[in-house]
Number of protein chains: 2
Amino acid sequence: MQKYFISKEEFKNQRITSDDVFHITNVLRSKVGDSFIVSDMNEEYLVEITELNKKSVCFKIVKEIFNNNELPVQVTIFQGYPKGDKIEDIIKHGTELGAFSFVPTLMKRSVVKLDDSKIKNKTERFSKIAKEAAEQSFRKIVPNVEIKQFKEIDFSDYDIKILCYEESAKQNELINFKKTLKALKLNQKVAVLIGPEGGIEDKELDELIQKGFIPCALGGRILRTETASMYVLSAISYELELKS
Amino acid sequence: MQKYFISKEEFKNQRITSDDVFHITNVLRSKVGDSFIVSDMNEEYLVEITELNKKSVCFKIVKEIFNNNELPVQVTIFQGYPKGDKIEDIIKHGTELGAFSFVPTLMKRSVVKLDDSKIKNKTERFSKIAKEAAEQSFRKIVPNVEIKQFKEIDFSDYDIKILCYEESAKQNELINFKKTLKALKLNQKVAVLIGPEGGIEDKELDELIQKGFIPCALGGRILRTETASMYVLSAISYELELKS
């Protein structure tokens, strides 16, 4: 069943007026009486369409849904801004895999340069990608996306800080990551930093280590920047959500 | 340092004549005296260029490299053939993550139809993608890629058979996958089957269960078909390669 994240306003009025109207009427070709799920990121309901036209979809609530498939820790992916549109796949797949938020991070070796107007446009686009991916994978929340300069980030708010560092893989350091995940506690805030294609510059690296980031190897192979976040999120889910 | 997989013939002649010549001379602009790594999927050597032109690159061996970053089990990804070019990303990222081989599998709900000539072309293209990804992530082997019809596959050769099954996630079944990975033994052959976008058809499902596939949920969320193999391979690496 389709799920839509709607605003508190739409929720109160029981009337959807966003872009989702197009999806409901033209893509799914829904009719009066059809059902879907709405969420305001807090409560979640099964609803039924009572009225619809090109501009709005009215619904009535059928029942509340109690469903939580969020990871037991809040993972923020600080992704060194990569080339091309890789960041879009990282947000899409990372949302499926349960990331809490994304900070595409402009680091010294990021090739992409963005001015304020580009940052605004990109942020809107990335937020839309996160919303659609969250709807498809039935997330309870939509991950927040905020582009930042590396030097303006305050990491002090995070309980655990993981640095994906390819030198650790080369040195055959295979302990830090698993040890860190095994020590995670419910609802902790986890920062995961991944460098861009060119890696992390020396001064940035010093700063990260000083701020308490733990350099971790992700298995025995060197991963591309766009694959690292998927490894981390899959491993966190595997360690914390699955039982044996 | 760049790595190239070369043929036994090239290895014996200490002379590369494949497409890699273009990469060595035009992309990397290498010169006589420059070094790179060659592998025939068995032995691996650091070599130095002794002579090069547009058609061939001759080298001499500097030293043997003893390096194994292969997963401790052989994982074959049977990927229900998906839409568009998703299969290419699955092969690329799956190779980075250590897959042993890929079988893009034409299943009942695969939208794509392929005749024999298309299968030949696609196989060549996918094998090239696997080779390049293997070189980039310094794999010891290049994963084999072979497109097959579901009904012609013989699964009897595999020790452990994992079925990525979204109904398992919906039923909140969170035991099978981790239990299976924890029981893996060195060098076992693992088959991982993932349905295409439309899922696995009922008869195919019955057949898989009958052949010993274990239905597994991959965490608490429904994953897209192209994300499932990355979750499985990351989790296998995490479980078997990392220590705590």
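1. B:Arg221, B:Arg224 and B:Tyr238 supply 23% of what chain B buries against chain A, more than any other three residues. The contact draws 39 residues from chain B and 39 residues from chain A, where contact means heavy atoms within 4.5 Å.

2. Please keep in mind that this is a predicted model, in which local features need pLDDT of at least 70 and side-chain atom pairs count only at pLDDT 80 or more, while totals for chains, interfaces and linings use all residues. Residues are numbered from 1 along each chain as its sequence is written, chains are lettered from A and ligands numbered from 1 in the order in which they are written, and side-chain values use heavy atoms, with hydrogens and water left out.

3. Now for the charged pairs. A salt bridge is a side-chain nitrogen of Lys or Arg within 4 Å of a carboxyl oxygen of Asp or Glu. Between chain B and chain A there are 4 salt bridges. A:Glu96 and B:Arg224 meet in a salt bridge at 3.2 Å, N to O. Over all chains, the whole structure has 32 salt bridges.

4. Chain A itself is worth a look. Its domain assignment, with bounds from an automatic or database source, gives domain 1 (3-64) and domain 2 (74-241). The centres of these two domains of chain A, taken over C-alpha atoms, are 33 Å apart. Their contact takes 10 residues from domain 1 and 9 residues from domain 2.

5. Domain 1 and domain 2 of chain A bury about 800 Å² between them, 54% of it on carbon and sulfur atoms. A:Lys3, A:Phe5 and A:Met41 supply 68% of the area that domain 1 buries against domain 2, more than any other three residues. The count between these domains of chain A is 1 salt bridge.

6. The axes of H3 (residues 86-96) and H8 (residues 225-241) of chain B come within 9 Å and cross at roughly 10 degrees. Angles under 35 degrees count as roughly parallel, so H3(B) and H8(B) are roughly parallel to each other. H3(B) makes the contact with B:Lys86, B:Ile90, B:His93 and B:Gly94, and H8(B) with B:Glu226, B:Ser229, B:Met230 and B:Leu233.

Key: Axes are lines fitted to C-alpha atoms, for helices over the stretch in contact, and angles run from 0 to 180 degrees between N-to-C directions. Helices (H or I, at least four residues) and strands (E, at least two) are DSSP runs, numbered from the N terminus. Angles under 35 degrees count as roughly parallel, over 145 as roughly antiparallel, 65 to 115 as roughly perpendicular and the rest as oblique. Buried area is the accessible area (1.4 Å probe) that two parts lose on being put together, summed over both.
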